[in-house]
Amino acid sequence: MYAQNGKEKGTIELNESVFGLESNANIVHRALVYQLANARLNVAHTKTRGERRGSTRKIYRQKGTGRARMGSNRSPIRKKGWVAFGPRNNRNFTISMNKKERRLAINVLLSDKVRNNKLVVLDKLALKEIKTKEMDKIMSNLPHDKKILLALREKDEVIMKSANNLPYVKNLLLAYLNVKDLLKYDTLVLLKDSIEELNSRAK
C-alpha cells in the first residue's frame with residue numbers, strides 16, 4: 001500500500017475469493033462480448049416503400065411506349081426509391097449473462113492484476129482544489145505502466161476533475177468497474193476503502 005507521495009505505507013489483506021482466482025479466459029471473453037453487444041447502438045436504418053416520399057401515380061402507361069413497364073416512382077430499382085431488404089433500427093443485439101458470471105469475470109481480472117503486479121493500493125487520495133498538475137504528480141509517484149484506471153468508491157469531483165485532463169488516466173466509480181476498462185488499462189489504482197468494499201463482496 002502506498003501514500004500519495006509514493007512511499008510505501010503498510011500492507012492490506014486481500015480476499016482470496018476476489019483477488020486470488022486463477023485465470024479464466026473463457027469467462028472474461030464472454031463478459032467482454034456481453035458488454036460490447038449490450039452497448040451497441042443500432043443506427044443503420046433504411047426506408048420501406050411506405051415510408052419513402054413520392055407519388056403513387058403510375059409513371060407512364062403500361063403499353064405502347066417500347067419501355068419496360070413501371071408502376072411506381074418509389075420502386076427499389078429507381079433512384080431515390082425505397083431499399084429492399086435494407087437494415088432497420090428494430091434489431092436487438094443484446095445478449096444475457098447472469099450476475100454471478102459477470103462478477104466472476106471482474107474478479108478474475110482483479111486477480112490477474114495482483115498476479116502481474118498491476119494493482120496499486122493507495123492509503124488515501126485527497127486534493128484541496130481541482131489541480132491537474134497535482135494529480136499528475138501523485139500518479140507519477142506511483143509504480144505504473146502507460147495507462148492507469150482509477151476506481152473510486154464514492155464520487156469526489158475534485159479528484160475526478162483533476163484527473164480528467166490526464167490522457168493516461170481514466171477515473172470511474174467502483175460500482176462501474178467493468179471488463180473492458182480492466183483489459184484496456186495496464187495499472188489499476190484502488191483506494192484502501194475500495195479494497196475493503198471489494199473484500200466484503202465475497203462474504
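In this predicted model, 4 strands come together in an open sheet, and read across the sheet their order is β1-β4-β2-β3, with parallel pairing. The strands at the edges are β1, which covers 119-122, and β3, which covers 169-173, and each of these pairs on one side only.

Strand β2, made of residues 148-152, and strand β4, made of residues 187-191, pair in the parallel sense over 4 bridges. Leu150 has Val189 in β4 as its bridge partner.

Helix α5, residues 157-164, lies across β2 and β3, and its direction is at about 150° to that of β3. Helix α7, residues 192-201, lies across β1, β2 and β4, and runs at about 90° to β4.

Another part of the picture is a pair of helices. Helix α2, residues 25-38, packs with helix α3, residues 99-115, at an angle of about 120°, and the axes of the two are 9 Å apart. Because of that angle, α2 counts as oblique to α3, and the crossing of the two helices is left-handed.

Which residues in α2 and α3 meet? From α2 come Ile27, Val28, Arg30, Ala31 and Tyr34, while from α3 come Glu101, Arg102, Leu104, Ala105, Val108 and Leu109.

Methods. Residues numbered from 1 in each chain as written. Predicted model: local features only at pLDDT ≥ 70, side-chain atom pairs only at ≥ 80, totals over all residues. Heavy atoms only, no water. Pairing = 2+ DSSP bridges. Contact = heavy atoms within 4.5 Å. Axes fitted to C-alpha atoms, helices over the stretch in contact; angles between N-to-C directions. Parallel < 35°, antiparallel > 145°, perpendicular 65-115°, else oblique. Left-handed = near helix turned anticlockwise from the far one by under 90°.
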